[in-house]
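Here's a quick briefing to keep beside the viewer. Have a look at the model first, then work through the notes below.

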Amino acid sequence: REEWYFQHPAQCVSCVDVIYWTSELEEVWDRMTNHSEPEKLSEYYNGYGEQILKTVELVKTDLTSLKRTLVCCLLVVDVHARSVMENLKEDKCTRVDDFNWQKQLRYYWTDNNVEGEPKDCWIGHSSAYVLYGRRTQRLLDWTLQRLRFIW
């Protein structure tokens, strides 16, 4: 992850970070329920903690003010996400449709599967979904395309 932080606009990096967290966590629950792998949430939680520690190490390096601001923002969001996961574990949340997950702010990247149409970033909360915004969308599309080869 650390390689692409500074290769893209900060808002896109922050948004993509949350998109990946949402999709990875929902994939963990799929593995727990459909593949009988109950330890997956603990494994993901521990791996996420290691990821945060790597980002903390990045803060200790010689960064410009702008880069340091980006990394610190990502750390705040990632630590909050880890706290959310901890609460979800305590609440025994194991499904995407659990209210404890639905009440969280989640970011999704959707493919319209229509030639020439842009992909969309949706922000979900409970049963409401809001389109993130068209201006940022092109940057997000470009960033996500490039990340498929890095992540």
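Reading from the N terminus, the elements of the protein chain go α-α-α-α-β-β-β-α. That makes five helices and three strands, where helices (H or I, at least four residues) and strands (E, at least two) are DSSP runs numbered from the N terminus. This is a predicted model, so local features need pLDDT of at least 70 and side-chain atom pairs count only at pLDDT 80 or more, while totals for chains, interfaces and linings use all residues. Residues are numbered from 1 along each chain as its sequence is written, and side-chain values use heavy atoms, with hydrogens and water left out.

**Overall picture**

- Of the 151 residues in the protein chain, 40% are buried; buried means under 20% relative accessible area, exposed over 50%, and partly exposed in between (1.4 Å probe, protein chains only).
- Take the contacts (heavy atoms within 4.5 Å) between residues at least 6 apart in sequence: 56% of them join residues at least 24 apart.

**The nonpolar cores**

- A nonpolar core here is a set of buried Ala, Val, Leu, Ile, Met, Phe, Trp, Tyr and Cys residues joined through side-chain atoms within 4.5 Å.
- The largest one has 29 residues, and the members touching the most others are Trp21, Leu25, Trp29 and Trp101.
- Helix 1 (10–34), helix 2 (40–59) and helix 3 (65–90) each put at least two residues into this core.
- There is also a second, separate core of five residues, with Cys15, Val18, Tyr107 and Trp109 among them.
- As background, nonpolar side chains tend to be buried together in soluble globular proteins.
- What does Trp29 touch, not counting residues up to four places away in sequence? The list is Leu41, Leu88, Cys93, Thr94, Arg95, Val96 and Trp101.

**Around Val96 and Gln102**

- Val96 sits in the loop between helix 3 and helix 4, and with a relative accessible area of 33% it is partly exposed.
- Setting aside neighbours within four places in sequence, Val96 is in contact with Glu26, Trp29, Trp101 and Gln102.
- Val96 and Val28 are 68 residues apart along the chain, with 9.9 Å between their C-alpha atoms.
- Gln102 belongs to helix 4 and counts as buried because its relative accessibility is 16%.
- The Gln102 side chain reaches the backbone oxygen of Val96 at 2.7 Å. This is a polar contact, meaning a pair of N or O atoms within 3.5 Å; within protein, one must be able to donate a hydrogen and the other to accept it, and residues adjacent in sequence count only if both atoms are side-chain atoms.

- Tyr108 is in strand 1 (residues 106–110), and it counts as buried at 19% relative accessibility.
- The side chain of Tyr108 has a polar contact of 2.5 Å with that of Glu26 and one of 2.8 Å with that of Arg106.
- Tyr108 and Val18 are 90 residues apart in sequence, yet 8.5 Å apart in space, C-alpha to C-alpha.
- Is Thr55 buried or exposed? Thr55, found in helix 2, is buried, with a relative accessible area of 0%.
- The side chains of Thr55 and Tyr5 make a polar contact (3.3 Å).

**The largest pocket**

- Its volume is about 200 Å³.
- On a 1 Å grid over the protein atoms alone, a pocket is an open set of points with protein on both sides within 12 Å along at least five of seven lines, and lining residues have an atom within 4 Å of a point.
- Grid points are joined across faces, edges and corners, and the volume is the space filled by probe spheres set on the points.
- Lining residues include Ser14, Asp17, Val18, Trp21, His80, Gln104 and Tyr107.
- Helix 1 and helix 3 are the elements giving two or more residues to the lining, and the largest share, five residues, comes from helix 3.

**Two loop residues with positive phi**

- Ser36 is not a glycine, but has a positive phi of about 50°; it lies in the loop between helix 1 and helix 2 and counts as exposed at 61% relative accessibility.
- Lys92 also is not a glycine and has a positive phi of about 55°; its place is the loop between helix 3 and helix 4 (99–102), and at 67% relative accessibility it counts as exposed.

Conventions:
On a 1 Å grid over the protein atoms alone, a cavity is a set of points where a 1.4 Å probe fits but cannot get out, and a pocket is an open set with protein on both sides within 12 Å along at least five of seven lines; lining residues have an atom within 4 Å of a point.
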